[in-house]
Structures are given as C-alpha cells and as structure tokens.
Amino acid sequence: ITLKHQRNIADEKDTTHEAAVAATDDDLIDLWRNDMNTAMKQSADKRILRISSAVEAHHRVQFYVEGFRGRMRDFFEGALARSGKYRSMMAEILRSEGLPENLVYLALIESGFSLHAYSRAHALGPWQFIRGTALQYGLTINSWLDERRDPVLSTRAAANYLKDLHEKFGEWFLAAAAYNAGEGRVGTALQRSRTNDFWLLRQERQHLKLETRDYVPKFVAATLIAGEPERYGFEQISYEAPLEYAEVTVHQPMRLETVARLANTHLDVIRELNPSLLRNFTPPTDGGFRLRLPVRSQSSFLVGYEQLPPSATIKLSLHKVKKGELLERIAKKHHLT
C-alpha cells in the first residue's frame with residue numbers, strides 16, 4: 001500500500017485552530033510563490049526549489065515531517081533507499097523539461113519510487129498514472145506493454161503533464177494539487193471558491209478533500225527530509241545504486257530467457273530493466289523494440305543476436321475471431337494444437 005492511498009493518519013485541526021492559523025497561511029502565500037519563482041529563474045542545471053524557513057515551519061508541513069520520522073518511518077526509509085536508483089535520472093528529465101528538479105519527490109509521495117505501486121483508483125507506476133492520462137501523454141498500454149511502470153518513459157510523461165497543469169493553473173502548487181485530484185476537481189474548486197491560489201483554496205474545507213489539501217505540505221515535508229536525511233534522523237539509509245543500462249533494438253519478438261542467455265545475465269535482471277513488459281517475450285512492433293540490458297552485456301548480446309537462428313525468434317500472427325468460431329478450428333488453421 002503506498003503512502004498516497006493510506007488512510008489519513010489524522011484529521012485536520014478543528015475549525016477554531018484553522019481560523020487561528022489562517023492569518024499565518026496568508027502570510028506564507030507570497031513566501032511559497034517566491035520560493036518557486038526563485039527556482040524557476042535559475043539555469044536549468046541548477047533549478048532547485050529552496051524552501052524558506054517560514055514554509056518549513058508551516059503546521060501541516062511539520063505534521064508530515066513528524067509522521068515520516070515516526071509512524072511512517074519504515075515506508076519513508078524504503079522510499080529513500082529506492083530513490084538512489086531513480087532520483088538522478090528522474091531529476092535530469094525534469095531539468096531537461098524546464099522543471100524544478102525537486103518535483104522528483106512527488107514520485108516519493110505518490111508511490112515511494114515503486115515501479116509496481118498500484119492504487120484502488122487503478123493508478124500504476126512511480127508517478128501513479130491512471131490509464132486515460134497515461135495514454136494522453138504518450139505511454140503505451142496494451143496486452144504486451146504497460147509503460148506506466150517504466151521509470152524513464154513515465155517520468156517524461158509526468159514532466160509534460162506537470163508542465164501542462166502549470167500552464168493551465170498558473171501556479172505550481174495548484175498544478176501539484178491537480179496532479180493529485182485531477183484538473184477538473186481543482187478547476188471546479190477554484191470557480192466555487194473564487195480564488196486562484198492554492199493556499200487560499202486550502203483553507204476552505206468544502207472545496208477539496210483533505211488528501212489534496214495536504215498534498216503540497218506532504219510533498220514539502222518529503223523534500224525537506226530527502227534533501228537532508230541526517231538532519232531528520234535518517235542516518236543509515238542504504239541507497240540503491242543508480243539505474244544504468246544499455247539499449248539495443250530487437251526486430252522480432254524474443255523470449256526473455258533467450259535475451260538473458262545472449263546477454264550473459266539472469267532473467268530477473270532483464271525483467272527488472274524492462275519493467276513495462278507484461279509477458280515473457282518482447283512485443284511485436286513495426287520499428288523494433290528498444291530493449292534494455294546491463295551496460296557490460298551489450299557487446300555479447302549483439303554478437304549472439306547476429307548469429308541467432310530463425311527458430312530462436314517468435315513469429316506471431318493475429319487472428320480475428322468470427323462469431324461461433326471454435327478454438328479447434330483456429331488452431332488447425334494456424335497449425336497449432
């Protein structure tokens with residue numbers, strides 16, 4: 001179960017307390033905006049969101065900081081460890097698209113950097129894409145592939161989605177809220193509240209669910225801890241090695257066992273490097289399939305691939321079933337059992 005879809009660990013403060021902190025929230029609005037604007041003015045290779053001390057002290061940010069350090073510590077330690085494998089690659093993609101690289105920690109609160117995280121809303125992968133949004137942003141989902149699980153392709157899609165949300169709402173915090181709740185819900189909430197600022201919208205309980213109103217504070221808390229884990233008591237994190245791979249193009253479907261043999265590696269390694277594959281062989285594609293291999297396996301694979309006999313590849317054909325057609329007849333037509 002990912003953090004995003006756990007039950008909320010506590011209800012919001014009561015209405016009296018909300019009223020007491022409303023003025024403080026109002027004062028923070030400009031500070032949040034200034035933090036993000038400062039980040040966006042930096043060159044792409046240095047575009048990091050620096051969080052002001054006032055924002056860091058916000059009561060809901062601190063609520064999640066303490067939650068990550070306490071009740072959710074096991075989840076957060078595991079997410080930090082996995083971040084070592086994907087963070088640098090994801091941050092580079094975000095930078096290349098002109099986004100602050102700290103937005104990579106949205107993947108932490110969405111999935112804990114798990115490629116196989118799956119929600120009750122049928123969202124999948126490190127960026128928790130639902131099917132419709134994934135297809136809209138160019139990810140392939142079919143009986144062969146689900147690219148929502150691919151850390152590289154899904155990050156590119158998430159970057160483009162976040163850019164579009166920012167262009168629509170004009171503010172990164174509203175963009176993040178829309179990433180969580182959907183742009184329709186956030187758009188409706190803005191119309192009803194007659195505001196265009198996330199922090200003003202957040203104060204009004206009736207417009208957005210608590211999960212969405214707490215999404216940005218949770219993201220900030222995760223960013224603070226991930227940036228300085230020792231400061232927050234995370235001193236023994238065993239970060240996974242950064243993702244490295246080589247790519248080759250295969251033009252015919254191949255069994256993954258054959259791929260592993262030619263690459264002199266294990267089947268589990270091939271599966272791990274190609275998490276979008278849903279079957280035990282590569283898919284049929286017109287332009288070939290880009291297959292990931294361990295860096296040191298590329299040469300041996302290419303030598304073996306060139307010498308591969310035709311019998312080692314899988315030849316597939318499609319059959320459109322007619323009404324009333326029997327499996328036995330289909331099998332006989334294609335010379336199969």
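This is a predicted model: local features need pLDDT of at least 70, side-chain atom pairs count only at pLDDT 80 or more; totals for chains, interfaces and linings use all residues.
The protein chain contains 16 helices and 2 strands. It has 337 residues, and 52% of them count as buried. Contacts between residues at least 6 apart in sequence were also examined. Of these, 66% join residues at least 24 apart.

The largest nonpolar core has 72 residues. Within this core, the residues with the most contacts are F76, L108, F129, Y179 and V186. Eight helices are listed as each supplying at least two residues of the core: α3 (59-69), α4 (73-96), α5 (106-111), α7 (151-169), α8, α9 (183-193), α10 (198-202) and α12 (215-227). Helix α4 gives the most, with 10 residues. Another core, of 19 residues, lies apart from the largest one. Among its residues are V248, M254, L293 and A312. In soluble globular proteins, nonpolar side chains tend to be buried together.

Helix α8 spans residues 172-181. Of its 10 residues, 10 are buried, so the helix is largely enclosed by the rest of the structure. The buried residues are W172, F173, L174, A175, A176, A177, A178, Y179, N180 and A181. One of them, Y179, is also among the residues with the most contacts inside the largest core. Residue G182 follows α8 and has a positive phi, near 100 degrees.

Two helix pairs were examined. Helices α7 and α9 pack at an angle of about 15 degrees. Their axes are 12 Å apart. Angles under 35 degrees count as roughly parallel, and α7 and α9 are therefore roughly parallel to each other. The crossing of α7 past α9 is right-handed. On the α7 side, the contact involves Y161, L165, K168 and F169. On the α9 side, it involves E183, V186, G187 and L190. By class, this contact has 5 nonpolar, 1 polar and 2 charged residues.

The second pair is α3 and α12. Their axes come within 8 Å and cross at roughly 55 degrees. That angle makes α3 oblique to α12. Here too, the crossing is right-handed. Helix α3 contributes R60, V61, Y64, V65, F68 and R69 to the contact. These residues meet P217, K218, V220, A221, A222, L224 and I225 in α12. The contact of α3 with α12 has 10 nonpolar, no polar and 3 charged residues.

Several individual residues complete the picture. H207 lies in the loop between α10 and α11 (210-213). Its relative accessibility is 18%, so H207 counts as buried, the cut-off being under 20%. Not counting residues up to four places away in sequence, H207 touches A189, R192, S193 and L201. H207 and R192 are 15 residues apart along the chain. Their C-alpha atoms are separated by 7.5 Å.

R292 is located in strand β2 (residues 289-293). At 6% relative accessibility, R292 counts as buried. Its contacts, leaving aside neighbours within four places in sequence, are with D150, P151, V152, Y245, A246, E247, I270, L273 and N274. R292 and E272 are 20 residues apart along the chain, and their C-alpha atoms are separated by 9.4 Å.

Positive phi values also occur in residues other than glycine, including Q128 and H335. Phi of Q128 is near 50 degrees. Q128 sits in the loop between α5 and α6 (131-136). With 6% relative accessibility, Q128 counts as buried. H335 has a phi of about 60 degrees. H335 is found in the segment after α16 (327-333). At 73% relative accessibility, H335 counts as exposed. Thus Q128 is buried, whereas H335 is exposed.

Methods
Residues are numbered from 1 along each chain as its sequence is written. Side-chain values use heavy atoms; hydrogens and water are left out. Buried means under 20% relative accessible area, exposed over 50%, partly exposed in between (1.4 Å probe, protein chains only). Helices (H or I, at least four residues) and strands (E, at least two) are DSSP runs, numbered from the N terminus. A nonpolar core is a set of buried Ala, Val, Leu, Ile, Met, Phe, Trp, Tyr and Cys residues joined through side-chain atoms within 4.5 Å. Axes are lines fitted to C-alpha atoms, for helices over the stretch in contact, and angles run from 0 to 180 degrees between N-to-C directions. Angles under 35 degrees count as roughly parallel, over 145 as roughly antiparallel, 65 to 115 as roughly perpendicular and the rest as oblique. A crossing is left-handed if the near helix is turned anticlockwise from the far one by less than a right angle, and right-handed if clockwise. Contact means heavy atoms within 4.5 Å. Ala, Val, Leu, Ile, Met, Phe, Trp, Tyr, Cys and Pro count as nonpolar, Asp, Glu, Lys and Arg as charged, and the others, Gly among them, as polar.
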